[in-house]
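I opened this notebook to keep track of what I looked up. The entries follow the order in which I went through the model.

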Amino acid sequence: MSATAPAGSEGPAPLIIGTAGHVDHGKSTLIRALTGTDPDRLPEEKRRGLTIDLGFGHLRLPSGREAGIVDVPGHERFVKNMVAGASGMDLVLLVVAADEGVMPQTEEHLDILQLLGVRRGLLVVTKVDLVDREWLDLVDEEVREAVRGTFLEGAPLVHVSSLTGEGLEELLATVEQVAAGTPPRPATGPARLPVDRVFTMAGFGTVVTGTLASGRVRLEERLELLPSGRPLRVRGIQVHNRPVEEATAGHRVALNISLDRDEVVRGDVVATPGVFRASLGFSGHLELLGRLARPLANGARVRLHAGTRESLGRIVLLDRDELRPGERAPVYFRSETPLVVARGDRFVIRSYSPARAIGGGDVIDPVRRVRRGDRAGLERLERLARGDRVEVLRSFLDDPRPWSLEELARAVEARPAELGPLLEGLARRGEASQAAEGVWLGRNAEEALLERLAARLRQHLEANPLRHGLPREELRQALLPDLSPRAFGQLLERWAAGGRLRLRGELVQPAGWEPRLSPAAAGAAARVEEALRTRPFDPPDPQGLELPRGAPPLAEVLRYLQESGRIERAGTFWFHRSAVEEAVRRVREHFLREPRLTLAQLRDLLGTTRKYAVPLAERLDELGVTRRAGDDRVPGPAGGTRRSPSE
């Protein structure tokens, strides 16, 4: 996977075409005929002549537009794999074999597509070389009847034979016609890639594939894997088997990532850090299929399919004891394992046993739980479902991240100026606050961020008890890389003013934290400090000092003393702080007498050699005591009262 190719975001909007239909109706054979690629990649699939898992490829349409292909299994035993593939489709080819007609999985696949919100597609009757015209007319009529009342009612119907090639050109032209109106996915906002395949590529390592649901992914970008929260780096990107530097929403992508193969499974999500949260449930709306024979009882155990993950859990009906076929109601899905969803995601539920699609719906609140009988919670859920701006604003502000005014405006589809009164109202009620200049945080989000920051500090300091804290920039990169250093600094100062943490120069530490020194560590620190104090301007190399038995590594001791403000580094040498302070005093006195300072004069002022005078001069430049003027030094901003006549 090369790292030197043009960005994948150029050209027409990305397009994902999927197949659906009963087993052995010719879906994979059709893909082979259209693309020249066999989507059945597993040895067992080739041995049995049966698609078991998702297959992938890409197709060039007559206009030159490229599309990703997702081929799904048709057997009822592998419906969970079908749903994982269908979740990313823009357009579907519903395939029906002319010699068999509509079959059970034709109907279930159609139900699943409808529940997932797929809205574009066409009907493909395959194997037309096996039947006569009269029979074909009957099959066409049966197919039209099967899709009546669905998004495919009135869709184009094309006859093809993958064996003879009949109808393939017409099919491609029809696909292009239907695809012309496909709306692009949102390329702004955070990146989110539900993983549908994981494998290892020799020479590269772990590769994950999927359809990018939102945002964009760039080469060398730092992302995270959910629900585990493991950080990762994007080492390579491919779109349509070509290496690119960037991929945007709607692309089928392959990412070479910096994690081991056994750390990732189908259903995981690669995402922008700190935006999406894993949870054990979500609130939403559920609609039960109308053709079912029995209602769904409150607390029923079901299989939920969201993104590319299947999760077992229970449906909690929030306003009734049972949901009848064809009804729609607010629910809370209580999952047995962590899942990652976003507001507006579609989901499908299947009965636990036998596994059969029975309903589906949309995610309204991906994290917060609404309890049965909670009228206020139900009202809030309905406002959120209707797109009420204040409620939507609350939901976004609950995400554990800071939001700029411009980002919030895009999220709620409003102008930034319109949000001012809404945000001020939330601030008066204590539900949100302006955390930094132009940056807003919800109350829950602020608490979540503080908890993550505290956990990061605690984890690091417990593993490094001699540290005084973590550098601000290191924390920013780990927690909020998209926030500017200035805004992050304002956020830290706000939290420090509230007593939630303590700032020590560039270091951030928990309130009340002090390094914990063992007797051996304390002895080693004292020995190093005394050696440097005793020889201020010709300091010994600490590597040559004999430290107490059991002392931590010298590097840790030196860093502890530096963070304590007791020693300083100048060039490759360590000096005691008192030595640097004395050098500053003598140089300032010199500038009261003379406008310039040569390196030889500094050497003599300190009674040292050129070896130590050079790094000390550079350290004085850093402190602003001196400033270079040719080969000499003149007073810097902190250097004294007299200036060089030439300045």
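Which residues is Ala-297 in contact with, leaving aside its neighbours within four places in sequence? I found Leu-317, Asp-321 and Glu-322, where contact means heavy atoms within 4.5 Å.

Before going on, I noted that this is a predicted model, in which local features need pLDDT of at least 70, side-chain atom pairs count only at pLDDT 80 or more, and totals for chains, interfaces and linings use all residues. Residues are numbered from 1 along each chain as its sequence is written, and side-chain values use heavy atoms, with hydrogens and water left out.

**Entry: Ala-297**

I placed Ala-297 in strand β18 (residues 296–297). Helices (H or I, at least four residues) and strands (E, at least two) are DSSP runs, numbered from the N terminus. Ala-297 has a relative accessible area of 43%, so I put it down as partly exposed. The cut-offs are under 20% for buried, over 50% for exposed and in between for partly exposed, with a 1.4 Å probe and protein chains only. I also looked up Arg-320, which is 23 residues from Ala-297 in sequence and 9.2 Å from it in space, C-alpha to C-alpha.

**Entry: the barrel**

I traced 6 strands that close into a barrel, in the order β17-β22-β20-β19-β23-β24, with antiparallel pairing. Two strands pair if DSSP finds at least two bridges between them. Direction ignored, neighbouring strands of this sheet are turned by 45° against each other on average. Between β23 (residues 346–351) and β24 (residues 357–365) I noted 5 bridges. Phe-347 has Gly-361 in β24 as its bridge partner. Helix α4 (residues 104–115) packs on this sheet, touching β17, β23 and β24, and its direction makes about 145° with that of β23. Axes here are lines fitted to C-alpha atoms, for helices over the stretch in contact, and angles run from 0 to 180 degrees between N-to-C directions. Helix α7 (residues 375–386) lies across β17, β22 and β24, at about 90° to β24.

In the loop between β23 and β24 I found Pro-354. The peptide bond from Ser-353 to Pro-354 is cis, with omega near -10°.

**Entry: α7 and α8**

At what angle do α7 and helix α8 (residues 389–397) pack? I noted about 100°, with the axes 8 Å apart. The two helices are therefore roughly perpendicular, a term for angles of 65 to 115 degrees. Arg-380, Arg-383 and Leu-384 of α7 meet Glu-391, Val-392 and Ser-395 of α8. I sorted the residues of this contact into 2 nonpolar, 1 polar and 3 charged. Ala, Val, Leu, Ile, Met, Phe, Trp, Tyr, Cys and Pro count as nonpolar, Asp, Glu, Lys and Arg as charged, and the others, Gly among them, as polar.

I noted 4 bridges between β26 and β27 (residues 439–442), and Ser-433 stands opposite Leu-441 in β27.

**Entry: α12 and α13**

The axes of α12 (residues 472–479) and α13 (residues 485–497) come within 10 Å and cross at roughly 105°. That makes α12 roughly perpendicular to α13. Among the residues that meet, I listed Arg-472 and Glu-473 in α12, and Phe-488 and Leu-492 in α13.

**Entry: α18 and its surroundings**

Helix α18 (residues 610–622) has 13 residues and reaches 18 Å from its first C-alpha to its last. Its buried residues include Tyr-612, Leu-616 and Arg-619. Among the elements that cover them I noted α16 (577–593), α17 (599–606), β33 (626–629) and β34 (632–635). β33 and β34 pair in the antiparallel sense over 4 bridges, and Arg-627 stands opposite Val-634 in β34. In their hairpin, with 2 residues between the strands, Gly-630 takes a positive phi near 70°.

**Entry: backbone exceptions**

Most residues other than glycine have a negative phi, and most peptide bonds are trans. I noted Lys-127, whose phi is near 60°, and Glu-220, whose phi is near 70°. A cis peptide bond joins Leu-226 and Pro-227, with omega about 15°.

Definitions and conventions:
The expected span of a helix is 1.5 Å times one less than its number of residues. Angles under 35 degrees count as roughly parallel, over 145 as roughly antiparallel, 65 to 115 as roughly perpendicular and the rest as oblique.
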